[in-house]
Amino acid sequence: MLQLLRSASLSLALVLSLNNAALAFQTDPAPRDKARQEFLAQLERTIGEDAYFSRVDYAWSRKHVERGLAFVVQRPSKETPGYADELADRYAPWFTKLESIFVRDYAAPLELADNGNVPLFALAVVANEYAYKEHVDINEERGLAAARAYYSPERRFALTYREMNSLGLIHEMRPALHEMVHALQHRYSSNLASLPESPFFNEGLADYLSYHTLENPEDLEKHALDYRALELCGALMLHPRASAYVLPVKSAVACKGYADVVEAIRQQCAQQQMPLDWEFALGVFYAQAHTYMHFLHQSEHAERARKFVGLVLRGVDPPLALEQAIAPLKTLELDEGFRRYVAAVIKKQRPHFDPKAIPLPSEASAPIVRSASSGGATSRMRADPAKAARALALKDEELDERLAAALARASRGAFDAALAELEQLSSSSKEPIAARARVERERLAKFSAALETSLSKLAPNKPRVELQLDGQRVKGALVAFGGGKLTLEIGGVKRELELAQVGLTQLADLVPKPDKESSPELLKFYPYMLAGDSKWKRLTAPGSSEFKALKQDAEEFYPAHAKLGAAVLAAADIAAAPKAENPEQARALLAAIEALWSANKQLAFISKRASALNEVAAGALERLAAELGARELTHGEVTELENGALKLAYRFKSEAETQDFVFDELLRDQVWEEHRKGGDPGTFAPAVGGFKGHGDSCWRHVLEFEAPLTVRYSVRSDLREGVELSLFGFALGACADRMGASLRALNQSALVAETPNERRVAPCRGGRDGVNLGQLYRIELRHDGQHASMWIGGSQAALIENVGLRSGQVFLATLGELSLHVAELEIEGKLSAQALDGARRTWIDAQLSKLAIR
């Protein structure tokens, strides 16, 4: 599969900016220099506290601060004097050149204001890909592990990686330059908090400006085209069904995040019956964004492209900015020009191009994507609990946690494992840990020997004992003790127990009081102290130096380490748990995760594993979600019909029923585009009693249905007192997607079937051209899979034959000041597999939100 994800600077994580001493927009250097120094001081503190950098050796290069650049570099394993400055010297000319291009081509001619949000572009460079992934994991920057570079919005530095001793390679330079464009986009944006919500704009412009093929900063002036991206777009456009992976520019620009991107492509693939691979889809999106932005800038549309950039950075919504920038052209004309451009460049520059050489998803190889928004907006893809379990594991460098875990194992009775770990820690280079490990190893060995002696003496007498095992009380005769095992005789049957099954405090309780008094003090006090059990305070305390040392540790050291050790072992148990094969196992795993988090979230060891715990929980929830159907995932009245279809009836008798509908601004603008966009959303919304209100609004059902499909509803319209009615509309629709397609009953006057390329209208019979105020209309919208019809009062009023739409979302859209009331709604149809899957994903996300692991 062709992968084009060179960088993953998600729109939620793009908050860095860069300043340059030569800019004409900031002539007084004193405030600028002061701001840079203050920012640099804060940045140094941030890096020092970073969970990854606090563990490794790194160096700063401040040589280029006056040029608005700062670098922090992980030192190589082999000491290399001046390494950070050398790397900075290689990067700085590229960054300076790229900034000058951005200022010359956009900031200056468009008179974009420098918001001064971050006065330095700071780049952190870690040693290699492994180090990069570890940084991502430790800092829980989810979704960025596959990238080559990214921004942290809170820590305010860009991160990339490189292989040691390979300075200046093109494939390492491009990602950093790509991220710098995002910094410049933010620096000149009217929004101080983040970049525009349009990955197509953000990534397309960043790739267009940063892509180069030579080892010379001047090469950035040439705006090289990535021919791999071009060929991928060309191959897809020529394919009869895989063209679904290429979005119309209107849809691409409207996507506010990567979940929207996947959902938009998923819907196109569903219409063209093309399997969807979400990783491939995102790769295509990057390729298209790069190629499309190159097309706009390197054609007769260059001035339109520049205007588009300026409007977006001034805060205009990206889809509207595009329309204004290209007017009087339409976006469909732009798409046609893009197709001609791709074909022409391939013909001229790639005469031997073979579209069949581009590997595309196939029925056998392409996994169906987890729907990103058909069941509600979510960016979650399939969980990887196995990978997350590995992230939960105790790491070698977590010495204090390893010590706590060893003590916890000792408290449970796992002496051998605890002694082995303490032996390893006693040779650590961190002397405080090593010294403590030696002390604890000596105490544990002494206690183990004393316990062995005392209980071995008791065994021949077969004393009666009582133990708590797995929540049950067990009574029997102690008949043997030794070799790390205890043997009970219960009803004439011998049962051999591992000491870890019994636990240290129970083992110590088996020793009679006279024996304890004559044995080492450790036998009497140590088990309770080690377990953080305050029972030791109720025992008679001797005055020996050994007890005094134990007492001090019992008050200052053991309680905290008992809690930490228990948390470490609980995390290890979760990590080692097998994949849930049934709902019972899934629920047990979720209970363990919830218990661990609620009791230990304040521990740094646990809090920094929140992401991994979420992923393991998501895996268990996926197993539970597999059992859920429409009855569990919706709040309407569900009736099973023939051929796998169902009926969802809403009488709006409870608040719960309203939860199955979500406000959709994009769909609203799509439905009412010919009238007006972005009007007052008003008050029309679902509530107990039905949909009521007025305004420019649109609510869609959270699930997606396939034809044959019938939607029944009742609607009444009324004038609002004191309001002059000029324009109004009510549409109930089906088969809606994000590409401009929908089937809808408009008022009581017409049936409309619309696609991006065609709009068909069938007026209702009898010359209906409006509504009678106060009259209740009972309407049906039917789609038998081929023909669509509108029925009013039981009679067919309009018909459109050979409707190409097959599936999509049901929605209710209002326009204007008319007061409307929809008291009931019924939907009959078959849920698409993606819709059901999307609803399950939404349920999973809701459960994860309840867990509140963050």
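Five bridges join strand 7 (residues 472-482) to strand 8 (residues 485-490), and the two run antiparallel. Strands (E, at least two residues) and helices (H or I, at least four) are DSSP runs, numbered from the N terminus. Two strands pair if DSSP finds at least two bridges between them.

This is a predicted model, in which local features need pLDDT of at least 70, side-chain atom pairs count only at pLDDT 80 or more, and totals for chains, interfaces and linings use all residues. Residues are numbered from 1 along each chain as its sequence is written, and side-chain values use heavy atoms, with hydrogens and water left out.

Axes here are lines fitted to C-alpha atoms, for helices over the stretch in contact; angles run from 0 to 180 degrees between N-to-C directions.

Phe481 has Leu486 in strand 8 as its bridge partner. Strand 8 also pairs with strand 9 (residues 493-498), antiparallel and over six bridges. Two of the partners in strand 9 can be named. Glu489 is bridged to Lys494, and Thr487 to Glu496.

**Hairpins**

A further antiparallel pair joins strand 10 (residues 637-640) to strand 11 (residues 646-650) through four bridges. There, Glu640 stands opposite Leu646 in strand 11.

| Hairpin | Residues between strands | Residue with positive phi |
|---|---|---|
| Strand 7 and strand 8 | two residues | Gly483, near 65° |
| Strand 8 and strand 9 | two residues | Gly491, about 60° |
| Strand 10 and strand 11 | five residues | Asn643, near 60° |

**A helix pair**

Two packed helices are described by the angle between their axes and the distance between the axes. Helix 23 (residues 583-600) packs on helix 25 (residues 610-625) at an angle of about 155°, with the axes 8 Å apart. Helix 23 and helix 25 are therefore roughly antiparallel to each other. Angles under 35 degrees count as roughly parallel, over 145 as roughly antiparallel, 65 to 115 as roughly perpendicular and the rest as oblique. The crossing of helix 23 past helix 25 is left-handed, meaning that the near helix is turned anticlockwise from the far one by less than a right angle.

Contact means heavy atoms within 4.5 Å. Helix 23 contributes residues including Leu589, Leu590, Ile593 and Trp597. Helix 25 answers with Leu613, Val616, Leu621 and Leu624, among them. The residues of this contact divide into 14 nonpolar, no polar and two charged. Ala, Val, Leu, Ile, Met, Phe, Trp, Tyr, Cys and Pro count as nonpolar, Asp, Glu, Lys and Arg as charged, and the others, Gly among them, as polar.

**Backbone details**

The peptide bond from Ala327 to Pro328 is cis, with omega near 10°. Pro328 lies in the loop between helix 11 (318-326) and helix 12 (331-349). Another cis bond runs from Ala707 to Pro708, with omega near 5°. Pro708 sits in strand 15 (residues 697-718). Cys735 is not a glycine, yet has a positive phi of about 55°. Its place is in strand 16 (residues 728-736).

**Confidence**

pLDDT is the predictor's confidence in each residue, from 0 to 100. The chain has a mean pLDDT of 82, and 88% of its residues reach 70 or more. Over residues 1-27, pLDDT stays under 50. Residues 164-168 also stay under 50. Where pLDDT is low, the predicted coordinates should not be read in detail.
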